[in-house]
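Dear colleague,

Please find below the structure that I am handing over to you. My notes on what was found in it follow directly after.

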Amino acid sequence: MHGKVLLIPGSAEITNQKISMKNITVVGAGTMGNGIAHVFALKGFRVHLIDASEAALEKAMQTIEKNLQRQVSKGIINEVEKQETLQRIFTFFNIAEGVQQADLVIEAATENSEIKKSIFKQLDENAHPDCILATNTSSISITQLANVTNRPNKVIGMHFMNPVPVMKLVEVINGKETSEATTNTIVELTKLLDKIPCVVKDAPGFIANRILMPMINEAIHAFAEGISDAATIDQIMKLGMAHPMGPLQLADYIGLDVCKNILDIMNTGFNNEKYAPCPLLVNMVAQGKLGVKTGEGFYKY
Ligand code: 3HC
């Protein structure tokens, strides 16, 4: 896996001397999956995007095109680069077909431990033995996912942030048995995407969500207690802490169901009630008020 400079037809040169990957498979075509497909394809990788739903794949390709167009409008890329990027993305309905030739698979499916374990079993059975299996999970144990495979040394967390084409961070999470070679490959690959890898150990919520979610949860508690309205709470954190979005707006953007799910995982994982989701958050999720994606959360969209 060392020393090659790759040139994929019609693509940018993949110039990092330390890795020689060219085929990336992304499982799950939702917000994170299509963002991950976007950034790899833009950097010249051939991307296989897998989802069981035809509608999800269609929507993902439309979203990628729309987000590439934003980059064209800003002068970050040109129209030819946009078209070439789209041509490097191939869609698949099933894992067995989509992982053929993959050097790296990034799983970005539903945040459910049993679903992810089932996917990892299938990935392990179908992908080349040298293929690294990464997960974009926001809080599920990497070690547990690795344990359902026969290659725990090649399983790693690669946690991208939303919106993927914009955010610089990739939280790289080592499972108990992740090898140094696997970590080094993922660190170099992340740099190749013009993103910054931050390596952490496997623990509930890792670092990003362990710190972000209690802040969001506390903002919801303050709102529920009527200490202030949503816009003021958000304004305080934007003006006072230079956050680009306030915590309630960010919760709507991430998805209230996703926030609740991560808090539940930390609550159970640490066996510590301090992570328990605020009752208001639980109620809003039960009512289907999930934020931007359903048109209503702390704000209306
Ligand atoms: N694709 C491509 N480009 C995009 C984009 C997308 N999906 N979304 C926004 N952009 C670009 C815009 O074109 C614009 O480009 P420019 O700087 O060259 O003009 C830039 O990003 C800023 O976008 P906008 O002008 O539309 O709007 P804002 O200035 O309000 O920025 C934002 C939007 C980047 C989302 C900003 O509000 C932000 O950084 N918010 C915080 C996001 C955040 O915290 N993400 C982490 C969430 S937690 C997470 O993902 C972990 C998970 O496990 C829960």
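Strands β7 and β8 (residues 155-160) pair in the parallel sense, over three bridges. This pairing, like everything below, is read from a predicted model. Within it, L133 stands opposite V155 of β8, and A134 has I156 of β8 as its bridge partner.

On strand β7 (residues 132-135) itself, I132 and A134 point one way, while L133 and T135 point the other way. All four of these residues are buried.

Strand β7 is also joined to β6 (residues 104-107), by four bridges, and these two strands run parallel.

As a general point, strands of a sheet pair through backbone hydrogen bonds, in either a parallel or an antiparallel manner.

The nonpolar cores come next. The largest of them holds 37 residues, and the members that touch the most others are F40, L104, M158 and F160. Helix α1 (residues 31-42) supplies the largest share of this core, with six residues. A second, separate core has 21 residues, among them V27, I95, A102 and I119.

Leaving aside residues up to four places away in sequence, F40 touches I24, F45, V47, L104, I106, M158, F160, L189 and L193.

L104 is found in strand β6. Is L104 buried or exposed? Its relative accessibility is 0%, so L104 counts as buried. With residues up to four places away in sequence again left out, L104 touches M21, N23, I24, T25, F40, C131, I132, A134, M158, I186 and L189. For orientation across the model, L104 and G269 are 165 residues apart in sequence, and their C-alpha atoms are 28 Å apart in space.

Another region to inspect is helix α10 (residues 247-254). Its buried residues are P247, L248, L250, A251 and D252. Among the elements that cover these buried residues are α8 (208-224), α9 (230-241) and α11 (256-270). Helix α10 is followed by G255, which has a positive phi near 110 degrees.

- The peptide bond from N162 to P163 is cis, with omega near 0 degrees. P163 lies in the loop between β8 and β9 (169-174).
- Q101 has a phi near 75 degrees, a positive value in a residue other than glycine. Q101 lies in the loop between α4 (95-98) and β6, and it counts as exposed at 54% relative accessibility.
- A242 likewise is not a glycine, yet has a positive phi of about 60 degrees. A242 is found in the loop between α9 and α10, where it is exposed, with a relative accessible area of 65%.

Finally, the chain as a whole. Its secondary structure comes to 12 helices and 10 strands. The radius of gyration is 19 Å, close to the 19 Å that the globule rule gives for 301 residues, so the chain is as compact as a globular protein of that length. Along its principal axes, the C-alpha trace spans about 60 × 45 × 35 Å. Of the 301 residues, 47% count as buried. Among contacts between residues at least 6 apart in sequence, 65% join residues at least 24 apart.

Yours sincerely

Definitions and conventions
Residues are numbered from 1 along each chain as its sequence is written. This is a predicted model: local features need pLDDT of at least 70, side-chain atom pairs count only at pLDDT 80 or more; totals for chains, interfaces and linings use all residues. Side-chain values use heavy atoms; hydrogens and water are left out. Buried means under 20% relative accessible area, exposed over 50%, partly exposed in between (1.4 Å probe, protein chains only). Two strands pair if DSSP finds at least two bridges between them. A nonpolar core is a set of buried Ala, Val, Leu, Ile, Met, Phe, Trp, Tyr and Cys residues joined through side-chain atoms within 4.5 Å. Contact means heavy atoms within 4.5 Å. The radius of gyration is taken over C-alpha atoms; the globule rule is 2.2 Å times the number of residues to the power 0.38.
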